[in-house]
Amino acid sequence: MPELRKDPITGRWVIISTDRSKRPSDFSRERAIIKGGQFCPFCPGNESKTPPEILAYRSSENGKRDTPGWNLRIIPNKFPALGIEGHLDRQADGMFDKMNGIGAHEVVIETPNHMEHLATMPVKQVEDVLWAFRDRILDLKQDRRFKYILVFKNHGEAAGASLEHPHSQLIALPILPKQVVEELEGAKRYFANKERCIFCDIIRQEMETRVRIAAENPDFVTISPYAARFPFETWILPKRHESAFENSPRNFYENLARMLRNILAKALHVLDSPAYNLVLHTSPIEENTNDYYHWHLEIMPKLTKTAGFEWGTGFYINPTPPEEAAKFLREASVEELQPVGS
């Protein structure tokens, strides 16, 4: 029999197919292969083809802006979802509400190497990407118009990437995203009842049972959540309570880089280079230090399609139980994966 499982944080229900579960080889998917060979505005030498950089990490302090020699580069999105200039101007439109589309939309070009990606980069380069997220969050949160900063990555065309050069995106929003609100409200209710962080309790229980742990290191644990919406969905969480990504101790970022590279390499090995979405969920700008919320990274391989049932009900059918997904990832060997050019 299939199982209905309830997400303990949001209250969302998920159908888990336990009887005819799909193994990694059972999925028909579009592989995320970086081909290269065509013009790419993100490659070194093409800096003039992008908006002027906001921030860049260079090995040489004397490097000029918008020139080659960078290790990581952040630019405004050429086609932003929201505009940085202006006022919110909240107003009524009859019974409806509207405001100006104010926000920031930035692109983090993760590496000058077109053929690399997070699963194959050296750990130091992955760590630089995480530091870039932190630097931009700390800067953008000073703008009082913004309430939330979302960091996300689309890897592969099937996951929504329009350019194959490795990159992530940040969008600063004047409102809180609905999915984040659901998590925040669920975490607040749990804390009000038990005076404990629900994420900390989940981590504690998962580390005791160990059936849904996909990977672990001294500072982080990766789990397949109990009510996973998607096959091989994983969450990376800090083991100790941290409410905001940008406030984490400096030494955390190296181990987070190791964990992120490791779990993506395992997914690449087990699932044969899948497209995936990566999202950072952290506390809102106005209350980024609290006892009830716990920041985390969510990784969702694109193995199934969202269709009428999901749109009509708001909950999902997952054909691979998270216990099996975690086992496949936990046992995957990634020793043979090396950084490009090594």
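**A chat about the sheet, its helices and the cores**

Colleague: What does the sheet look like, and in which order do the strands run?

Modeller: In this predicted model, 10 strands form an open sheet in the order β3-β4-β7-β9-β8-β13-β14-β12-β11-β10, and the pairing is antiparallel. The edge strands, each of which pairs on one side only, are β3 (55-58) and β10 (213-216). From one strand to the next, the twist averages 15 degrees.

Colleague: How many bridges join β4 to β7?

Modeller: Strand β4, residues 70-76, is joined by 4 bridges to strand β7, residues 104-109, and the two run antiparallel. Within that pairing, Ile74 has Val108 in β7 as its bridge partner.

Colleague: Which helix packs on the sheet, touching β10?

Modeller: Helix α6, residues 322-331, packs on the sheet, where it touches β10 and also β12 (234-238), and the direction of α6 makes about 35 degrees with that of β10.

Colleague: While we're at β10, how many residues lie between it and β11 in the hairpin?

Modeller: The hairpin formed by β10 and β11 has 3 residues between the two strands. β10 pairs with strand β11, residues 220-223, in the antiparallel sense over 3 bridges, and in β11 the bridge partner of Ala215 is Thr222.

Colleague: Changing topic to helix packing, at what angle do α2 and α3 pack?

Modeller: Helix α2 (residues 178-194) and helix α3 (residues 198-209) pack at an angle of about 80 degrees, and their axes are 9 Å apart. That angle makes α2 roughly perpendicular to α3.

Colleague: And which residues meet there?

Modeller: From α2, Glu183, Ala187 and Tyr190 meet Ile198, Phe199 and Asp201 of α3. Sorted by class, this contact of α2 with α3 has 4 nonpolar and 2 charged residues, with no polar ones.

Colleague: What about α4 and α6, at what angle do they pack?

Modeller: Helix α4, residues 252-271, packs with α6 at an angle of about 100 degrees, with their axes 9 Å apart, and α4 and α6 are therefore roughly perpendicular to each other. On the α4 side the contact is made by Ile263, Lys266, Ala267 and Val270, and on the α6 side by Phe328, Leu329 and Arg330. By class, the residues of the contact of α4 with α6 divide into 5 nonpolar and 2 charged, with no polar residue.

Colleague: Which residues touch the most other members in the largest nonpolar core?

Modeller: That core has 55 residues, and Ile236, Phe245 and Leu260 are those that touch the most other members. The helix that gives the most to this core is α4, with 13 residues.

Colleague: So what does Ile236 touch?

Modeller: Leaving aside residues up to four places away in sequence, Ile236 touches Phe220, Val221, Thr222, Leu256, Met259, Leu260, Ile263, His296, Leu297 and Ile299.

Colleague: Which residues does the second, separate core include?

Modeller: The second core, which is separate and has 28 residues, includes Leu82, Tyr148, Cys197 and Tyr293.

Colleague: One last thing, is Arg261 buried or exposed?

Modeller: Arg261 has a relative accessible area of 14%, and it counts as buried because that value is under 20%. The place of Arg261 is in helix α4.

Colleague: And how are the C-alpha atoms of Arg261 and Val126 separated?

Modeller: The separation of the C-alpha atoms of Arg261 and Val126 is 7.2 Å, although these two residues are 135 residues apart along the chain.

Terms used:
Residues are numbered from 1 along each chain as its sequence is written. This is a predicted model: local features need pLDDT of at least 70, side-chain atom pairs count only at pLDDT 80 or more; totals for chains, interfaces and linings use all residues. Side-chain values use heavy atoms; hydrogens and water are left out. Two strands pair if DSSP finds at least two bridges between them. Axes are lines fitted to C-alpha atoms, for helices over the stretch in contact, and angles run from 0 to 180 degrees between N-to-C directions. Contact means heavy atoms within 4.5 Å. Angles under 35 degrees count as roughly parallel, over 145 as roughly antiparallel, 65 to 115 as roughly perpendicular and the rest as oblique. Ala, Val, Leu, Ile, Met, Phe, Trp, Tyr, Cys and Pro count as nonpolar, Asp, Glu, Lys and Arg as charged, and the others, Gly among them, as polar. A nonpolar core is a set of buried Ala, Val, Leu, Ile, Met, Phe, Trp, Tyr and Cys residues joined through side-chain atoms within 4.5 Å. Buried means under 20% relative accessible area, exposed over 50%, partly exposed in between (1.4 Å probe, protein chains only).
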